[in-house]
Amino acid sequence: MSSTPAPLALVNVTLEYPDGDGTVRALDAVDLSVHGGQMVSLVGPSGSGKSSLLAVAATLIRPTHGLVLIDGTDATGLGDKDLAVLRREKVGLIFQQPNLLASLSAAEQLVIGDHLRGRPAKAARAKAAEMLDVVGLAPSADKRPHQLSGGQRQRVNIARALMGEPKVLLVDEPTAALDHERSESIVRLLRRITDEFRVATVMVTHDTEFVPLTDSVATMRDGRLAAPVPAAGTGDFPSLSAP
Ligand code: ADP
Ligand code: MG
């Protein structure tokens with residue numbers, strides 16, 4: 001056993017949203033631990049709490065009870081300022097909609113928020129070039145969003161999430177707006193990034209087709225998370241080593 005802490009661990013996490021006079025329990029005693037290089041698929045019906053789980057894991061929402069450990073640090077014990085730093089340095093977030101700024105080039109999308117990390121501008125530009133290369137977009141570094149395809153825009157989004165060299169990658173329905181072929185290449189890219197950078201990745205997905213590309217699948221229902229099971233054999237999918 002390694003003594004390194006899992007980059008992401010949720011311990012007995014409960015989240016209640018205010019709801020009229022009462023509350024709605026979006027997460028109910030959730031436990032989840034993801035180690036570096038592991039990619040977990042998170043599935044479950046709409047409204048079961050998947051996005052809430054990601055928001056809590058991203059430290060965007062504080063849980064009502066329980067612990068959120070990011071790279072060994074309990075985020076629930078931090079103030080807002082320290083939380084923002086932890087998030088910036090350890091967590092990469094990727095949502096369905098890339099949310100790129102229309103007037104900026106691909107490279108500029110990556111650099112624009114990076115000054116908060118205190119990286120000098122020149123180093124930020126070098127890092128952006130490196131990350132665009134990782135996602136296969138080096139030749140498109142100067143293109144603006146409207147000059148890119150939907151899949152390419154999602155790749156920019158992914159590259160941007162990698163700028164801070166995160167330990168944890170949280171991905172919500174990354175392929176919902178893409179066709180089959182582009183969806184598969186995005187999931188394969190996330191798989192490769194998980195392996196190459198040894199990040200702990202949780203990917204919410206509504207279709208189970210790409211689940212076999214991940215290591216394990218965890219199912220949510222009514223805010224409760226069933227223990228993850230191995231994803232291998234959950235479908236008929238070409239081997240990862242295939243070209
Ligand atoms: P999923 O991503 O699986 O569709 P969500 O995490 O979005 O599920 O939602 C889980 C539950 O929490 C649902 O009952 C939803 O209506 C409720 N919920 C989500 N966000 C909020 C919010 N900001 N305020 C109140 N209730 C919310
Ligand atoms: Mg959701």
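**Exercise 1. The largest cavity**

Identify the residues that line the largest cavity of this predicted model, and state how they divide by class.

*Solution.* Step 1: the lining of the largest cavity consists of Val56, Thr59, Ile61, Arg62, Pro63, Val68, Ala75, Thr76 and Leu83. Step 2: sorted by class, this lining comprises six nonpolar, two polar and one charged residues. Step 3: the space inside the largest cavity amounts to about 40 Å³. Step 4: with a threshold of 30 Å³ or more, the count is one cavity.

**Exercise 2. A salt bridge of arginine 62**

Determine which residue forms a salt bridge with arginine 62, and locate both partners in the chain.

*Solution.* Step 1: side chains of opposite charge can pair when their charged atoms come close. Step 2: the partner of arginine 62 is aspartate 80, and the closest N and O atoms of the pair are 3.0 Å apart. Step 3: because the cut-off for a salt bridge is 4 Å between a side-chain nitrogen of Lys or Arg and a carboxyl oxygen of Asp or Glu, the pair qualifies as a salt bridge. Step 4: aspartate 80 belongs to helix 2 (residues 80-90), whereas arginine 62 sits in the loop between helix 1 and strand 4 (65-70). The two residues are 18 residues apart, and their pairing links distant parts of the chain. Step 5: in total, the structure contains 13 salt bridges. Arginine 62 is also one of the residues that line the largest cavity.

**Exercise 3. The surroundings of ligand 1**

Describe the shell around ligand 1 by residue, class and element, and list polar contacts with its oxygen atoms.

*Solution.* Step 1: the shell is made up of Tyr17, Val24, Ala26, Pro45, Ser46, Gly47, Ser48, Gly49, Lys50, Ser51 and Ser52. Step 2: by class, these are four nonpolar, six polar and one charged. Step 3: for the contacts, a backbone N or O atom of glycine 47 is 2.7 Å from an oxygen atom of ligand 1, and one of glycine 49 is 3.0 Å from an oxygen atom of the ligand. The side chain of lysine 50 places an N or O atom 2.8 Å from a ligand oxygen. Step 4: of the 560 Å² of accessible area that ligand 1 has on its own, the protein covers 59%. Step 5: strand 2 (22-34) and helix 1 (50-57) are the elements giving two or more residues to the shell, and helix 1 gives the most, with three.

**Exercise 4. The largest pocket**

Characterise the largest pocket by volume and lining.

*Solution.* Step 1: the largest pocket holds about 570 Å³ of space. Step 2: its lining has 24 residues, with Val91, Leu93, Arg117, Arg160 and Ala161 nearest the centre. Step 3: the lining divides into twelve nonpolar, seven polar and five charged residues. Step 4: at least two lining residues come from each of helix 2, strand 6 (91-94), helix 3 (106-112) and helix 5 (150-161).

Methods
Residues numbered from 1 in each chain as written. Chains lettered and ligands numbered in written order. Predicted model: local features only at pLDDT ≥ 70, side-chain atom pairs only at ≥ 80, totals over all residues. Heavy atoms only, no water. Near = heavy atom within 4 Å. Polar contact = N/O pair within 3.5 Å; in protein donor to acceptor, adjacent residues only side chain to side chain. Areas by Shrake-Rupley, 256 points an atom, 1.4 Å probe, with all protein chains shown as cover. Helix = DSSP H or I, 4+ residues; strand = E, 2+ residues; numbered from the N terminus. Nonpolar A, V, L, I, M, F, W, Y, C, P; charged D, E, K, R; others polar. 1 Å grid on protein atoms, 1.4 Å probe; cavity = no way out; pocket = protein on both sides within 12 Å on 5 of 7 lines; lining within 4 Å. Points joined across faces, edges and corners; volume = space filled by probe spheres on them.
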